[in-house]
Structures are given as C-alpha cells and as structure tokens.
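Subject: Structure handover

Dear colleague,

My notes on it come after.

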Amino acid sequence: MADGKLRVVRAPIDRLGFAGHVVRSGLLKAALHGTQVVVALQRHRTPVRNALMLFITAFGHEDFYTALLMILTWIVDSRFGFLFLIVLATSMYVSGSLKNLLLLPRPPSPPVEPLESSKDWAMPSLHAITGVVGPWYVFFYACLNYDLSQSELAALFGVMTVWSFSVMFSRLYLGVHSPIDIVIGGAVGCLVVASWLQVDASFEKYVASNPNAYFTILFGSILLVFLHPRPKDHYSVSFYDSVALLGLASGAVLGRLRTASNIHLSATLLDIPSRQNLFLLIGARILLGACTILLGRVVVKALLRRLIDWLMRLVGFEVISATEVLKTQVLNVHYSESFCLPGDVDDDEKAGSGKEKKGRRHVVDVDIPLKFCLYSVLGWLTLEGMPSLFYQLGV
C-alpha cells in the first residue's frame with residue numbers, strides 16, 4: 001500500500017448504518033485511548049519479564065486447553081470434561097463472532113512493540129474471555145459438585161484467581177491488546193460462564209437421556225456456522241477456529257450420548273480408588289490418548305480432504321482452501337494512520353463491487369466442511385473412542 005493511502009476496513013456491523021458506525025467508532029476511540037497504558041507497560045520490559053509473560057499467556061492458548069480437556073475427561077471427571085469442552089467452544093464462538101462483527105485493530109505498532117505476532121482482529125480478547133470462563137467454571141463446578149474443605153476451596157480460589165488475572169494482564173504486557181479489549185472480553189466471559197452455570201446440568205441431562213440430542217446439536221452447530229459473521233475482503237482465522245470448535249462440540253455430544261449410561265466408559269481413573277500405580281496409568285492414558293488423536297487427526301484429515309474435494313468437483317464446484325490462502329495472506333491487524341471506517345470517508349468502492357462476480361463459477365471453501373467434520377471426529381474420539389480403547393486395554 002502506498003504511503004498516505006487510506007485503508008477502509010468494512011465490518012458486518014457497518015450494515016446497521018449510522019448506529020453501527022457509532023458503536024464501532026466509539027470502541028475504536030476507546031481502544032486508542034488505551035495505547036498509552038500499553039506503552040507505559042512496555043517501558044518496564046526486561047528479558048526475564050518477557051519470558052514470564054509469554055509463559056503465562058500460554059495458559060490461554062488452544063494447546064493448553066487441549067491438554068486440560070484430556071486430563072479432565074480421561075483422568076478426573078468425564079462429565080466435567082464434557083461440560084468444560086462445550087462452554088469453551090461456546091466462548092470461542094462468541095469471541096470469533098464479535099471479532100468478525102467489529103473488525104477492530106490491535107494497538108498501533110509503533111509505538112507499541114508487540115512481543116507476539118497476531119493474525120486476527122482485537123476486540124474482544126479471546127484470552128480474556130477464556131481467562132474468565134476457564135478458571136471460574138472450574139472453580140464453581142468444583143464448589144457445586146465436589147465435597148471440598150474450606151482450605152481446599154481457598155487454595156482453588158487462589159489458583160484460579162492467579163490464572164485468570166495473570167493471563168489477561170499478559171495480553172496487555174505483550175502489546176497485543178488494549179485495555180478495552182480485555183475489559184470487554186472479561187465482561188463477555190462473565191456473561192458466558194454465568195449463563196452456562198444456569199443450564200449446564202440440564203444440558204448434560206438432555207444429552208445423556210435424549211437419543212435425538214446429537215441431531216439437534218448437529219443442526220444447531222451447522223446453523224451457527226452460517227450465522228457466524230465473516231469479513232468480505234479477507235479470510236478470518238477466528239471464523240475457522242469457530243467452525244472447528246462447533247465440530248468438536250458436535251462430536252463430543254455424540255460421544256457423551258453413547259457413554260453417559262455406560263459406567264465402564266464414563267468412569268475415569270479417579271473414579272476407581274483401588275487402582276494401583278495410579279501415576280503410571282495417568283501417564284499411559286495421556287500418552288496413548290494424545291498420540292492416537294494426533295495420528296487420527298492426520299489420517300482422517302487426509303481422507304476427508306480427498307473425499308470432499310472429489311464430491312465438490314463432481315457437482316461442478318470450484319474448490320479453494322482458505323488454510324492455504326491464510327499462509328500467504330498479509331493482513332495488518334494493528335492500527336495505523338491509514339486505518340479508517342467506512343463512515344469516515346467518501347466510499348466510492350460500493351459501485352461495481354458486485355460486478356466482478358458475474359460469470360464466475362461457484363466457489364466452495366473446502367476448509368469449512370473439512371474442519372467441521374474433522375473436529376467432530378476428534379470430539380467423538382475424546383469422549384467415546386479413547387475411553388473405549390482404555391477399557392479394552394485395561395488402562
């Protein structure tokens with residue numbers, strides 16, 4: 001882009017006209033006002049603090065939650081693991097929808113020097129949402145379902161508090177979010193976890209007892225994929241993350257439906273107090289489960305990719321892969337002087353914006369059905385496939 005050329009970033013909320021512009025511009029101004037806070041934190045960086053913050057922020061990444069879900073589902077409490085997976089998927093869907101609805105930038109760089117690269121928009125912070133939902137759902141679930149002493153509850157509260165607030169603070173320190181991103185993310189997280197605590201038991205009972213629950217959840221998940229806001233002029237990382245999590249939740253529902261009434265498959269290691277060599281068995285389950293899921297992911301992805309490609313081409317569709325495009329897509333998600341909203345400048349690009357599509361073949365993004373189906377299989381493997389294997393092997 002040439003110097004001085006404005007970059008008009010259009011978001012789905014702009015379709016609301018003046019009201020959408022007021023909301024978006026107000027949030028943008030609030031985000032920019034927080035730049036001085038991020039710059040002030042930046043002045044106190046040291047190599048040791050940088051390494052510490054990068055370590056802490058990892059407790060909000062998908063890899064950490066993947067490991068946590070394995071431990072909860074296979075070691076601690078399969079019901080807890082299932083419900084935690086569903087609320088986590090809900091959190092990520094809400095975050096992705098809001099990010100794509102608003103398309104608001106991360107702190108300007110310079111003056112901010114981010115210590116972590118970003119490929120998606122800022123508001124709200126996903127780490128802030130999951131930094132509230134994850135720790136506090138763990139805490140309240142434990143309070144409501146386990147017989148913990150006062151000292152155990154106090155210790156758990158302390159750990160969850162440190163986990164929650166340190167993850168959110170790390171995002172400011174690393175320069176990838178403004179304070180308003182964190183505040184809104186935290187508020188959304190509070191709404192999600194508070195709402196889920198009202199319905200989690202009823203939802204699990206419905207899934208475990210209703211043979212049609214899987215088809216209901218599957219239809220709802222597919223509908224949510226179509227309802228998810230998407231930018232028109234570039235591919236969104238958060239959209240494909242949402243598709244994957246919806247697929248994961250659908251597969252988990254199928255697994256929970258089939259295992260909830262089977263004491264052998266729903267039991268975890270901690271449900272059996274007479275187990276010998278408990279730590280060895282825990283390690284065996286985690287190692288066997290993780291390796292199986294990783295191998296299954298590679299194999300199933302390759303098979304599904306070929307199958308979906310063949311089906312799409314069979315009916316005459318042109319197939320593209322957003323994942324491949326995202327590898328080369330250059331998208332500056334940090335604020336700069338060239339960033340502006342549609343209502344702030346004369347928009348002459350609308351005329352003729354639809355003319356280029358005439359005469360083009362229908363294009364299908366293979367990654368949407370691929371990610372949904374792939375992660376559905378992984379969700380089923382987590383809730384039913386691996387517990388069945390553990391039972392057969394006596395692990």
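Predicted model: local features only at pLDDT ≥ 70, side-chain atom pairs only at ≥ 80, totals over all residues.

Residues are numbered from 1 along each chain as its sequence is written, and side-chain values use heavy atoms, with hydrogens and water left out.

The chain as a whole

The chain has 14 helices and four strands; these are DSSP runs numbered from the N terminus, with helices being H or I of at least four residues and strands E of at least two. The C-alpha trace spans about 70 × 60 × 35 Å along its principal axes.

Of the 395 residues, 49% are buried (buried is under 20% relative accessible area, exposed over 50%, partly exposed in between, with a 1.4 Å probe and protein chains only). The chain exposes about 20,200 Å², and carbon and sulfur atoms supply 65% of that area; accessible areas come from the Shrake-Rupley method with a 1.4 Å probe, and for residues only the protein chains shown count as cover. Among contacts with a separation of 6 or more, 84% are between residues 24 or more positions apart, a contact meaning heavy atoms within 4.5 Å.

Salt bridges

The structure holds six salt bridges, each defined as a side-chain nitrogen of Lys or Arg within 4 Å of a carboxyl oxygen of Asp or Glu.

One of them joins the side chains of Arg79 and Glu204, at 3.5 Å from N to O. This pair links distant parts of the chain, with Arg79 in helix H5 (residues 78-102) and Glu204 in helix H8 (residues 179-209), 125 residues apart. Glu204 is buried, at a relative accessible area of 9%.

Another lies between Glu384 and Arg258, whose closest N and O atoms are 2.8 Å apart. Here too distant parts of the chain are linked: Glu384 is in helix H14 (residues 367-393) and Arg258 in helix H10 (residues 237-259), 126 residues apart. Glu384 counts as buried at 6% relative accessibility, whereas Arg258 counts as exposed at 51%.

Asp309 and Arg305 also form a salt bridge, with closest N and O atoms 3.2 Å apart. Both are in helix H12 (residues 278-314), and because they are four residues apart there, about one helical turn separates them. Asp309 is buried with a relative accessible area of 17%, and Arg305 is partly exposed with 27%. Salt bridges with shared partners also join Arg79, Glu204 and Arg256 into one network.

Two single residues

Ser221 lies in helix H9 (residues 213-227) and is buried, with a relative accessible area of 5%. Leaving aside residues up to four places away in sequence, Ser221 touches Leu246, Ser250 and Phe372.

Gly34 sits in the loop between helix H1 (18-33) and helix H2 (35-42), and counts as buried at 7% relative accessibility. Gly34 and His177 are 143 residues apart in sequence, but their C-alpha atoms are 9.1 Å apart in space.

Regards
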